[in-house]
Amino acid sequence: MRSALLLTLGVCFVMSIYRAMITLNGTGLIWPTHVFGLTLEVLVTLLAFGGGAYLGLCVLDGDQKKILPRGVLSRAQMLWLAFMGVLLVAPMSLGADVLDKIMHPQWPYAQPFALHVDAPGVFLLTLLKSALLVPVLEELFFRGYLLGALERFGKWRAALVSALCFAAVHMGGKGSSEYVCLMYAAMGLLLAALRLRTSSLLAPMLVHGCYNLTLIMLSSMGIGWLFENLTLFTCALRLGMCAAFVYCLRRAWLARGVNGQIGQMERLTKKELALVIAAGVAVLAAGVLG
């Protein structure tokens, strides 16, 4: 317990130093180019989460092969988890906007989930960092080491603590507020629940990676405005996506039964497949028109 908390404090300390450097970025004291800044972000991610996961899993907690068992997730379940990650942007952004508007009705929107990719040259590096490196390393640390280290105090207590730590690490990010951090805590709790349900880190990694990938693609296609502000259209869109998110969560949750046996809700129906294709075409059309 003590080792886990100290290691978590170490990760938070590294990230807080990095956030302080970002604050100085406006004065030109930190990095002159986007590529340099992204490279620094990659190094910080490797140091904080990669180093923390290595120390926790390999040094403090021994053999952790059980966190990535083979054959636990079916292809249909992985598909539902990927859909969840894509749709997660709706409840995350809508929840933060609603809470912010209730508590501060006179303030302008912070647009906390808008991820701006300005230069085409940094797109691939951003994609590599946010959609692959960050989800893998953060899940290895929070849902791999930390959740496992605290699990002897109760699964759901461990899930709650790991979720709060996950939110704390994201404090001070771009456009962050206490409401954004609250939504990150909810996201962390969801990812921990998926880890406990499936007994594999692949489930939260997949959801986390698809969520980050969706943020990048929305920004690069110029349609991030669909998930900002509380207009009638954006609210209706996000409420519909929230309903779809709940449906995908249910399908992913029930895709496997007790003791890892395949459940009944395994395959996509023709109607569901048609809806998936239609949704993909709609996103591509919005990107082209945007």
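This is a predicted model, in which local features need pLDDT of at least 70 and side-chain atom pairs count only at pLDDT 80 or more, while totals for chains, interfaces and linings use all residues. Residues are numbered from 1 along each chain as its sequence is written, and side-chain values use heavy atoms, with hydrogens and water left out.

Three salt bridges are present in the structure, the term denoting a side-chain nitrogen of Lys or Arg within 4 Å of a carboxyl oxygen of Asp or Glu. In one of them, Asp 97 pairs with Arg 238, with 3.0 Å between the closest N and O atoms. This pair connects distant parts of the chain, as Asp 97 belongs to helix H4 (residues 89–103) and Arg 238 to helix H9 (residues 232–254), 141 residues apart. Helices here are DSSP runs (H or I, at least four residues), numbered from the N terminus. Asp 97 is buried because its relative accessible area is 5%; buried means under 20%, exposed over 50% and partly exposed in between, with a 1.4 Å probe and protein chains only.

Glu 139 and Arg 143 form another salt bridge, at 2.7 Å between the closest N and O atoms. Both Glu 139 and Arg 143 are buried. These two residues are four apart in helix H5, so about one helical turn separates them.

Arg 143 also places its charged end over the ring of Phe 166, 4.5 Å from the ring centre; the criterion is NZ of Lys or CZ of Arg within 6 Å of the centre and within 35 degrees of the ring normal. Phe 166 belongs to an aromatic cluster with Phe 49, Phe 141, Phe 142, Tyr 145 and Tyr 184.

Key: Phe/Tyr/Trp six-rings, centres within 6.5 Å; stacked < 30°, edge-to-face > 60°.
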